[in-house]
Amino acid sequence: MQPFRNYCQQLFFYTSESSYYQAYIACQYVQQIGSARALGDLDSQVQADNSTGWSQFYLNIFPHLNLMISKGQSGNAPAYVGISKTLMAYNLGLLTTSWENIPYSQADQKNFAPAYDTQQSVYTAIQKLLDEGIIELQKNTGTKPGADDLIYAGDLAKWTKFAYTLKARFALHLSVKNSQQAAQAALDAVQKGFASNADDFELMYNTKNLSPWYSRVALANTTGNITITHSATFIDLMNGKGGTVVDPRLPKLATLRKSQTEYLGVNPGTGAGASVDFTTGSWSSNINSPIEMVTYSEAKAIEAEARFILNGGTVTSKGTTAPGYDAYLEIIKANMKNVGVSDADMIAYTSNARINVGAANLTLSQILAEKNKAMFLIGDIWTDFRRYDYLNMPVPANLNVDLQGKFIQRFNYPTSETTRNSDVAKQNIKPLNEKMWMFTK
């Protein structure tokens with residue numbers, strides 16, 4: 001079983017790396033972070049192909065997961081089958097939310113020109129994988145993971161909660177298609193999902209295996225080779241500007257540069273204006289920082305939005321149910337506990353009248369703002385921005401002219417794909433500003 005266990009460990013690192021590569025681009029598109037060295041970079045919504053993330057999936061993740069599923073089925077290891085199917089669903093979500101149509105049903109079959117599956121069929125496959133994964137995880141027989149499970153140490157109940165939380169995430173992704181149906185499906189699933197921060201799907205790093213936000217961003221900053229930093233749009237959500245409330249998470253997530261006293265992010269599309277950096281002391285970029293992929297805070301945000309929609313809520317309306325309001329407050333509390341905010345500061349923030357508005361006055365914008373903060377550096381937040389037409393996001397300076405005044409909707413297919421599988425890839429290429437299937441009625 002040793003090679004089997006080695007595959008399992010490798011898959012967690014491959015999946016974490018893919019999550020990082022997506023987030024590095026997507027979180028610039030939504031102005032959580034931005035270029036600190038050049039104008040007209042990714043935070044101006046310049047096209048990106050994320051070729052490394054694409055290759056990571058098709059060369060490493062996909063074949064290894066298929067091998068794990070096959071070995072698990074033949075070797076009486078349903079736990080490994082369930083984990084593999086759940087990981088496959090997660091990674092397919094990364095792919096289709098980034099590129100829309102992708103090779104899936106014909107991939108990994110020694111076919112060098114696989115057809116692309118439509119996004120609609122990929123979402124169907126994702127939910128099927130999760131349903132099948134849950135069944136396998138609940139069998140509780142055969143060979144089970146232990147230390148080789150770098151996420152949950154063999155706790156299959158947590159894997160099951162993760163699968164249900166993914167079902168909720170991917171159900172809510174389709175809210176534009178049918179908001180009531182998506183919200184109900186998300187709510188049904190999320191109530192079987194994460195129950196605390198201890199359930200978070202994240203990979204912990206250490207001094208031997210370094211977090212990419214630490215090794216590739218924070219360490220570079222210490223030598224003056226600054227690449228990205230926090231965006232003004234994100235920092236202004238937290239620094240009290242524009243009528244917002246000073247958020248006690250701010251000094252945890254961003255570090256003031258030497259001699260600076262005011263928290264300012266880089267102005268999107270300019271490369272200028274920042275007084276903050278990622279450092280080796282910041283919560284997200286220190287030597288022990290995890291790569292967060294799906295969290296309890298996100299689960300509560302899914303619940304809050306789903307209950308808001310089912311209560312008749314829209315972008316322009318107010319009001320939710322008591323459970324929906326509790327879920328909104330729990331987004332904040334859970335994330336603050338996660339990043340180390342004191343109880344006193346957490347109570348002060350959630351008691352502030354601008355935050356504690358009451359169920360009757362809660363808006364979708366408030367739910368999404370708190371979700372945005374709680375999902376800092378989690379690339380799936382890009383899906384939320386696109387679902388709501390980049391609600392409340394300012395147009396960056398030097399906006400990519402190819403977008404014709406609109407916001408970006410997709411990654412480019414990598415050159416490796418348009419070269420090797422050119423005929424098929426070209427059939428699926430769409431303009432960068434064209435909405436994906438999931439964001440259209």
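Predicted model: local features only at pLDDT ≥ 70, side-chain atom pairs only at ≥ 80, totals over all residues.

Modeller: Leaving aside residues up to four places away in sequence, Phe201 touches Leu87, Ile151, Tyr152, Trp159, Phe162, Phe194, Ile291, Glu292, Met293 and Val294. Phe201 also belongs to the largest nonpolar core, which holds 132 residues, and Leu92, Trp159, Phe162, Phe201, Trp213 and Tyr328 are the members that touch the most others. The largest share of this core, 11 residues, is supplied by helix α3, which spans residues 78–99. As a general background, nonpolar side chains in soluble globular proteins tend to be buried together.

Helix α3 also contains Ile83, and Ile83 counts as buried because its relative accessible area is 1%, which falls under the 20% cut-off. If we again set aside residues up to four places away in sequence, Ile83 touches Leu137, Pro145 and Trp159, and Trp159 is likewise one of the residues that Phe201 touches.

From here we can turn to the helices. Two packed helices are described by the angle between their axes and the distance between the axes. The axes of helix α5 (residues 156–172) and helix α10 (residues 296–310) come within 10 Å and cross at roughly 45°, and α5 and α10 are therefore oblique to each other. The crossing in which α5 passes α10 is left-handed. On the α5 side the contact is made by Thr165, Ala168, Arg169 and Leu172, and on the α10 side by Glu298, Ala299, Ile302, Glu305 and Ile309. Sorted by class, this contact of α5 with α10 has five nonpolar, one polar and three charged residues.

Helix α10 has a further partner in helix α11 (residues 322–339), and the axes of α10 and α11 come within 8 Å and cross at roughly 160°. Since an angle over 145 degrees counts as roughly antiparallel, α10 is roughly antiparallel to α11. Here too the crossing, of α10 past α11, is left-handed. Tyr296, Ser297, Lys300, Ala301, Glu303, Ala304 and Arg307 of α10 make this contact with Pro323, Gly324, Ala327, Tyr328, Glu330, Ile331, Ala334 and Asn335 of α11. By class, the contact of α10 with α11 has eight nonpolar, three polar and four charged residues.

Notes. Residues numbered from 1 in each chain as written. Heavy atoms only, no water. Axes fitted to C-alpha atoms, helices over the stretch in contact; angles between N-to-C directions. Helix = DSSP H or I, 4+ residues; strand = E, 2+ residues; numbered from the N terminus. Parallel < 35°, antiparallel > 145°, perpendicular 65-115°, else oblique. Left-handed = near helix turned anticlockwise from the far one by under 90°. Contact = heavy atoms within 4.5 Å. Nonpolar A, V, L, I, M, F, W, Y, C, P; charged D, E, K, R; others polar. Core = buried A, V, L, I, M, F, W, Y, C linked by side-chain atoms within 4.5 Å. Buried < 20%, exposed > 50% of the residue type's maximum accessible area, 1.4 Å probe, protein only.
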